[in-house]
Amino acid sequence: MTERHVPAHGSQLEEVAAWHPIEGTPTKKKVAVGCSIGATIETYDFIGFGTAAALYFNDAFFPAEDPLSGTLLSFATLGIGFAVRPVGGIIGGYLGDRIGRKPVLVGSLLLMGIATVLIGLLPTYQQVGVWAPILLVAVRVVQGLAFGAEWGGAILMCFEHAPWRKRGLYTGITQAGFPVGLLLANLAFLASVPLGGSLAWRVPFLLSAVLIVVGILIRLKLEESPEFEELKEEGEISKNPLLEVLRTDWRNVLRAFCLRIAETAGYAVSVTFMLSYLATEELADRPVTLTALMVAAGIGIFATVFWGALTDRIGRRPVYLLGTAITLLWGIPLFLVINTGVATAIVLAFVVSYAICQNSLAGVQGAWFSELFATKTRTTGASLAYQLSAVVSGFTPLVATALYAGFGWIGPALLFSGFGLLGLVAALVTRDTWGPAERDEVAALERTVVTTAGRGGVPAPRPGTHERRPTADSATD
């Protein structure tokens, strides 16, 4: 829910603005696809680093004498990118709420592309010694800033163009860009395995240049969010969205932060750490692990959209409760299945971990997080909560590796379940912004407006309504 609301049954129609019909804007599908493609490209770049960190960077950028230390340092470099994502989220959110969603989308994608191509050109430890990891960290910081700014802009742009009743579906389409990017990144790494040497990890990063050009061209053609344009026209843009959201909505920031950790940190254990675990234990070779991840990502594309659409029918919180409960219960069975070393079992484990545990949460977040914040601070609030959790998840593979070294596989297994428990508790204490009451009120409002004005759809409320009450605001912001 947010600070803007659908007028109560029987309220005057002049309180309802004509700039956002109930069926969404005319360009809603174009915006959803454009945001999804951009998310795909950014994920290809950012997640590709995680795959390379698990499989290649311990040898390429760190001394090869101690493989475990190299893996720990590699994951630490991975975590640095996550650590700076909140800064990117703050900057991107602030600019998104001050100058618009579209400039942030274009700028973040361009910055990510430059950083990713540079990774493919970096010298190795054998070539320049200690300068290799230093340069890697510097470029990773730029990646983290860009990716931190990306999510809020893409999700909010899609959310604010989408139909009231299908915002879970539409934001799920944008969120589906992430498994597409994951799939493409691992396809690239799998295809580059025969190249051998440093080309096996350099080529996937260099290929990003092509994707970036395509993404920039698509995003330049998108129209700005109608809700932001209305705020700007009415002079209601927040002067300092960061301070305002921290002062008035810090509880929602905290709730969304905990909700997000279950998804992103769970992924860090079940996918990022798992790639390293399979290699260390010699349970599967690289083609098998990458194939398993690609199968899971392929299913995850459709699963993310499905989970998002399901929230439009039954609400945001029920889906999240289901996903976090499964995550809580899946920790130990996950490693028991993986430890069999059977290829089909490994594929199954990745599918459950990703398409069910992770995607059921990611598919909900776009709509739920957006609905928790008011329009004028929405990008800042949603981005801040979303990216602060990245600090935890970024260093989770490092923590999981340390737990594995000290306690064996049971350590990361319990860590995974712990994240599920945290998300479950957070979901229980966070209100459902699209429950039965909200859905019924929007339906009643639609019938009232259609009957009174003879229209086929209703517009959204004006952004000046700031009365906070539990109505159908979640469907109309």
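Which residues does glycine 172 touch, not counting residues up to four places away in sequence? In this predicted model, glycine 172 touches Thr304, Val305 and Gly363 once those sequence neighbours are set aside.

Glycine 172 is part of helix 8, which covers residues 167-175. Its relative accessible area is 0%, so glycine 172 counts as buried. Cysteine 158 stands 14 residues away from glycine 172 along the chain, and the C-alpha atoms of the two are 9.6 Å apart.

## The chain as a whole

The protein chain is made up of 477 residues, of which 61% are buried, and its secondary structure comprises 21 helices and two strands.

## Helix 14

Helix 14 runs through residues 250-280 and contains 31 residues, and the distance from its first C-alpha to its last is 42 Å, which is close to the 45 Å expected at 1.5 Å a residue. Because 24 of its 31 residues are buried, helix 14 is largely enclosed by the rest of the structure.

Just beyond the end of helix 14 comes glutamate 282, whose phi is positive, at about 55°, and this is a positive value in a residue other than glycine. Glutamate 282 belongs to the loop between helix 14 and helix 15. With a relative accessible area of 70%, over the 50% cut-off, glutamate 282 is therefore classed as exposed.

## The nonpolar cores

The largest nonpolar core holds 96 residues, and the members that touch the most other members are Phe57, Phe61, Ile338, Phe350 and Phe369. Helix 14 provides the largest share of this core, namely 15 residues. Apart from this core there is another one, of 10 residues, which includes Cys35, Ala154, Ala162 and Leu222.

What is phenylalanine 61 in contact with, leaving aside its neighbours within four places in sequence? The contacts of phenylalanine 61 are with Leu122, Pro123, Tyr125, Ala132, Pro133, Leu136 and Trp201.

## The largest cavity

Three cavities of 30 Å³ or more are counted in the model, and the largest of them has a volume of about 390 Å³. Its lining consists of 33 residues, and those nearest the centre of the largest cavity are Ile47, Glu263, Thr264, Tyr267 and Gln358.

Several helices contribute to this lining, with at least two residues each from helix 1 (28-55), helix 3 (67-83), helix 9 (177-192), helix 14, helix 15 (286-314), helix 17 (343-371) and helix 18 (378-394). Which helix gives the most to the lining of the largest cavity? That helix is helix 14, with eight residues.

## The second largest pocket

The volume of the second largest pocket is about 160 Å³. Thirteen residues line this pocket, and the ones closest to its centre are Ile91, Gly92, Leu95, Ser108 and Ala149. At least two lining residues come from each of helix 4 (85-98), helix 5 (101-119) and helix 7 (131-161), and helix 5 gives the most to the lining of the second largest pocket, with five residues.

Helix 7 also contains glutamine 143. Is glutamine 143 buried or exposed? Glutamine 143 is buried, because its relative accessible area is 0%, and, not counting residues up to four places away in sequence, glutamine 143 touches Asp45, Phe46, Phe49, Met112, Ala115, Thr116 and Ile119.

## Helix 12 and the glycine after it

Helix 12 covers residues 226-233, and its buried residues are Pro226, Glu227, Phe228, Glu230 and Leu231. Directly after helix 12, glycine 235 adopts a positive phi of about 70°.

Conventions. Residues numbered from 1 in each chain as written. Predicted model: local features only at pLDDT ≥ 70, side-chain atom pairs only at ≥ 80, totals over all residues. Heavy atoms only, no water. Helix = DSSP H or I, 4+ residues; strand = E, 2+ residues; numbered from the N terminus. Expected span 1.5 Å × (residues − 1). Buried < 20%, exposed > 50% of the residue type's maximum accessible area, 1.4 Å probe, protein only. Contact = heavy atoms within 4.5 Å. Core = buried A, V, L, I, M, F, W, Y, C linked by side-chain atoms within 4.5 Å. 1 Å grid on protein atoms, 1.4 Å probe; cavity = no way out; pocket = protein on both sides within 12 Å on 5 of 7 lines; lining within 4 Å. Points joined across faces, edges and corners; volume = space filled by probe spheres on them.
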